[in-house]
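Here is a friendly walk through the aromatic contacts of one protein model. Have a look at the rings first, and then read on.

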Amino acid sequence: MDMPLNIQPLRVMRKSTLKRIILVLLGICVVWCMSLPFFILSKVGHESIRVAAENTLMQKRKVWTETSEVQEMKRIFVKFLDDLLNNFESFNFSSSHFKDNKEKLQSLQVEMEAEKAKGQSKDEMIKELRSDKLQLLQQVTRLEELLKLQMNKAETKSEDEIPEDKNCQLPRMDGFPDCMGKLKWMNSMWKSDPCYSSYGVNGSLCSFIVYLSEIESWCPLLSGRVARPAVKTLKVESYKAEVKDNFEGLHRSLVNKTQFSWIQQRIKSMEEIWVEAGRSLSQKYNLTERRAKQILVHPGVITNEADLKIAENAFSGGPLGELVQWSDLISTLHILGHNLHLSASEGSLKEFFGISNCPLQYSKVEPNLIYTDIIGLRQIQTVLKTSWTDYRCIIRVLDSFGTEPDFNHAVWASNHDLKCPFGGLSLIPMQFYTMFPHTPDNTFLGFVVQHQLSSEEHEQLESTKRQNQALVYGKRATFWQGKEAYLDIIHKYLDIHGTVDDSALIPDYVKNHGIVKGTEVQRLLRQSKLFVGLSFPYEGPAPLEALANGCAFLNPRLEPPQSSLNSKFFKGKPNTREVTSQHPYAEAIGEPYVWMVDMNNQTDVERAITSILNHNIEPYLPYEFTCEGMLQRVNVLIEKQDFCSAAPSWPPLSALRVLKAEAGVSCKKVCQRAGLVCEPAFFPHLNNDKNLASYNVDCQTSEFSDKYIVLPAYNSSSKQCLFQQDPLLFSCVRSDQSLVRICPCRDYIKDQIALCKECI
């Protein structure tokens with residue numbers, strides 16, 4: 001009975017206790033719910049700082065995931081309160097139901113503790129984010145400062161200020177009004193030319209001032225420093241030219257010059273021959289009073305800028321004619337004792353001519369002569385710009401096929417539709433140096449035929465016996481195409497050998513040795529009785545090598561003669577010279593050494609072969625193609641030929657022979673008929689009526705004109721003399737149907753056509 005009496009107070013007590021619990025929980029809930037938006041916004045705000053970082057997107061996803069977890073906890077807590085209030089209203093408390101709610105409450109408390117720990121972790125993360133943000137801001141600020149410094153626009157300094165080094169303060173600028181401007185320029189541009197760093201400029205203020213005060217004179221000297229001495233001067237022509245007896249100095253200058261690799265190989269193979277030729281020439285002529293010249297040699301054809309790959313392909317069957325000529329010219333200049341400066345790039349040209357933004361550490365060498373080619377001359381013009389004309393008269397242009405005066409004269413060529421890629425240079429025509437003496441308006445430079453052997457090579461080839469064989473002239477298999485019938489005729493009489501790049505494209509009966517070195521070619525020529533021309537390539541050195549080794553040359557005629565007017569090969573060449581055979585120079589040598597044939601005429605070919613087999617010819621080589629002959633010729637040209645003086649004095653006038661050429665005949669032909677050569681250096685002397693009178697030319701009237709390229713000339717009907725107004729238009733090779741040409745001819749030394757008998 002006592003238990004019912006005590007139930008009511010117990011319920012009241014439980015209700016009161018529960019009410020307190022609920023109120024406390026409600027208070028906690030209110031506070032927690034009120035702080036929840038702030039926490040979410042704060043977290044999202046902090047996460048926005050991380051946008052600049054690499055993991056921005058991952059952090060945003062984490063924020064929203066954690067926010068949804070909080071919302072779920074809030075929903076559970078509200079539901080728990082609703083259940084608790086429902087129980088409170090119904091006063092229907094079962095111990096099991098209360099126990100369940102108590103467990104939920106305990107679980108919620110655990111979750112709240114865990115959330116509190118997460119909150120602490122989040123606070124730490126927020127601190128880390130703030131630290132990252134600060135570092136990012138610092139980095140951005142640093143980058144901005146560097147950019148401002150690089151652009152010389154620092155906000156804290158005026159435009160006229162240069163930041164000072166710790167150990168180098170700006171000196172007083174009294175008396176140096178341009179110093180500050182130069183310092184500003186150096187600050188921005190000191191890397192524009194590597195020459196500045198060669199003087200010690202490194203980007204610091206001190207290095208700027210040292211350079212601008214000691215190398216140049218724009219700024220005052222720093223305290224305790226002195227101006228540098230003047231640049232060293234290289235003495236030019238301060239010593240005599242002595243004939244060399246070795247190639248040591250030349251080989252040192254060729255080290256690491258890959259474009260000269262084939263040239264150096266040829267030079268080495270002929271060293272002994274060159275040295276002996278130098279001794280021989282010194283014994284015959286007085287070469288002791290010459291002065292050493294400073295000579296620039298720039299073969300444009302082998303430069304990387306030309307991109308012709310001639311130097312690279314020289315070892316694999318590429319064309320060698322130009323490389324042979326450059327090799328022999330370099331050897332000649334060295335043996336004659338001159339100071340060579342070798343260049344094979346536009347960069348080396350700039351270095352030689354001293355083209356730079358800052359002063360030279362050594363004064364540039366003033367050349368006495370410049371040997372180049374048409375490509376090289378274009379490069380010199382590019383490097384020197386308008387100042388190239390300062391060197392115009394000392395330039396010599398190696399030009400294999402020649403440049404005739406009307407193609408050379410830029411205005412004339414343009415007005416007469418003669419413009420071509422290699423013309424219009426407007427030099428004196430004799431400044432062009434050819435491989436063969438085919439164009440009298442140009443100068444014959446030539447090359448050396450490698451027929452002489454060193455003592456070791458001579459011993460190796462001494463036992464070589466002449467065989468019943470022919471060697472074909474043609475390293476490219478494409479040269480052989482269409483020549484099968486011609487070769488079949490030769491094969492009836494002789495075994496045929498070749499040095500061809502592709503055996504698959506030549507007849508099966510040909511014994512192909514592939515691309516071989518010069519010594520092996522010499523051996524094959526000494527074994528053979530006949531060297532067979534295929535009509536191409538034109539005017540190469542090989543036929544003369546064959547003659548020098550006692551091997552006859554079969555020289556195909558060209559019908560019609562080939563020229564720039566009808567040949568793809570000659571198209572663009574600055575001349576209209578007609579090539580009548582594969583090798584016109586050899587054609588002039590004639591039988592029994594050179595036999596002309598029509599490749600399409602079986603009878604003609606068989607006649608030549610049977611005649612050759614009945615002859616036993618001795619080795620033959622014109623003196624002008626020997627080492628000594630080239631040394632003699634080039635030495636005279638260096639010492640005597642002068643395009644810088646207004647009145648040339650070489651060749652001597654005593655060598656002049658004046659002839660009249662009837663209408664329609666060129667001076668080249670009329671001189672040739674008389675056993676002479678046309679000498680364009682004499683044209684100025686004949687270009688006035690007073691001098692012509694001494695050669696029995698009666699000028700009743702006279703006129704100067706630049707309308708013709710055949711002047712001076714004579715009109716026999718009116719007895720009027722026409723004289724050339726433009727000296728660049730003097731020409732040996734042109735003719736006119738209405739005018740009689742007055743021609744300057746001269747004699748020449750046998751086998752040395754470039755020199756007259758009184759020229760040495």
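## Aromatic contacts

Ring pairs join F401, F479, F536, Y538, F569 and F570 into a cluster. Here, rings of Phe, Tyr and Trp (its six-membered ring) pair if their centres lie within 6.5 Å; planes under 30 degrees apart count as stacked, over 60 as edge-to-face and the rest as tilted. This is a predicted model, where local features need pLDDT of at least 70, side-chain atom pairs count only at pLDDT 80 or more, and totals for chains, interfaces and linings use all residues. Residues are numbered from 1 along each chain as its sequence is written, and side-chain values use heavy atoms, with hydrogens and water left out.

The structure holds 25 aromatic pairs. Two of them are set out here:

| Pair | Geometry | Centre to centre | Angle between planes |
|---|---|---|---|
| W185 and Y196 | edge-to-face | 6.1 Å | 70 degrees |
| Y199 and Y211 | edge-to-face | 5.7 Å | 65 degrees |

W185 in helix α4 (residues 179–189) and Y196 in helix α5 (residues 194–198) are 11 residues apart; helices are DSSP runs of H or I with at least four residues, numbered from the N terminus. W185 is partly exposed at 39% relative accessible area, whereas Y196 is buried at 2%. Buried means under 20%, exposed over 50%, and partly exposed in between (1.4 Å probe, protein chains only).

Y199 lies in the loop between α5 and α6 (205–215) and Y211 in helix α6, so their pair ties together parts 12 residues apart in sequence. Y199 is buried, at 10%, and Y211 is buried too, at 1%.

Definitions and conventions:
Helix = DSSP H or I, 4+ residues; strand = E, 2+ residues; numbered from the N terminus.
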